[in-house]
Amino acid sequence: MDDIIIVGAGPAGLTAGLFARRAGCSVKIFERLAPGGQAVLSHDIANYPGFLSIDGFSLTEKMVEQVKNLGAEIVNEEIVSIKKEKEKICVVTKDNEYCAKKLIIASGAKERLLNCTGEKEFTGRGVSYCASCDGFFFKDKTVAVIGGGNTAFEDVLYLSKIAKKIYLVHRREGFRADNIVIEKVKKLKNVTFVLNECTKEIKGKDKVERIDFCSGLGLDVDAVFIAIGRIPDLDFLNIDVKKSQSGYIIVDKDMQTSVENVYACGDITDHRLKQIITACAEGAIAGDSASKD
């Protein structure tokens, strides 16, 4: 039995593992995908201290190397449920069961779906949630990016170097993105803003060919990149931790949840600012708190 199990190997989970290992605890970090979490997909990070600009893969690669060098074990298995017992907490994967004295949940967030007709049918055939992953396939094509936050605008900046034409579609006139990225996008000559429009349907035969709006208007496009935010990734969590109305885990100043010996940090907590730097800060507190007797 380990001292601490951490669910999620993004910046929050990796930093929690770093602080827990430095405190002398045995640590297993579980990640169903590649270590680094959603941060791996960021092509340009300009607000992380110490770097004028760095891509997400390079930054998280350094985090992974650091925590591994300290002796934390990263386990590439998907957790399907959790068992809370009196003296231990166990995580259950498809093939195994692992137990520890304490648990840190750092599973991050997953993409929010648009939930329009055609979205599911054309996912992987022109519908994408990752511009840096799939943008290359639409070189010199016409694409739409749907959203109004930082992710949507960063996707536009990335795609502007690849696609011939980009439509930025948003349901309102105002944006949630930072002014610095909004101004950068406004200067791009191959970007057109489509405002006050909600997407009703994504159409095509074998691949995406068009999007139709609720107003009755539409656009001919080769791809649709959906960037409308994320929701907490907690499908595996079957223990009764207290959550906010929007489904985020509520924690105290020590990152302790409402359940004894269960901590949470990063994008799954009920905190306003969800950035790599805040995920790391919460991870540091969680790792330190869970290391105490």
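Start with Cys265, which counts as buried at 1% relative accessibility (buried is under 20% relative accessible area, exposed over 50%, partly exposed in between, using a 1.4 Å probe and protein chains only). This is a predicted model, where local features need pLDDT of at least 70 and side-chain atom pairs count only at pLDDT 80 or more, while totals for chains, interfaces and linings use all residues. Residues are numbered from 1 along each chain as its sequence is written, and side-chain values use heavy atoms, with hydrogens and water left out.

Now for the bonded cysteines. There are three disulfides here, a disulfide being a pair of cysteine sulfur atoms within 2.5 Å. Count the bonded cysteines in sequence order and the pairing reads 1-2, 3-4, 5-6.

Cys90 is buried at 0%, and Cys99 is buried at 16%.

Cys130 and Cys133 put their sulfurs 2.1 Å apart, and a torsion of about 65° makes that bond right-handed too. Here Cys130 is buried at 10%, but Cys133 is partly exposed at 38%.

Then there's Cys198 with Cys214, sulfurs 2.1 Å apart. The torsion is about -135°, so this one is left-handed. Cys198 sits in the loop between strand 11 (191-195) and strand 12 (199-204), and Cys214 in the loop between strand 13 (208-213) and strand 14 (218-220), so the bond ties together parts 16 residues apart in sequence (strands are DSSP E runs of at least two residues, numbered from the N terminus). Cys198 is partly exposed at 36%, as is Cys214 at 48%.

Terms used
Helices (H or I, at least four residues) and strands (E, at least two) are DSSP runs, numbered from the N terminus.
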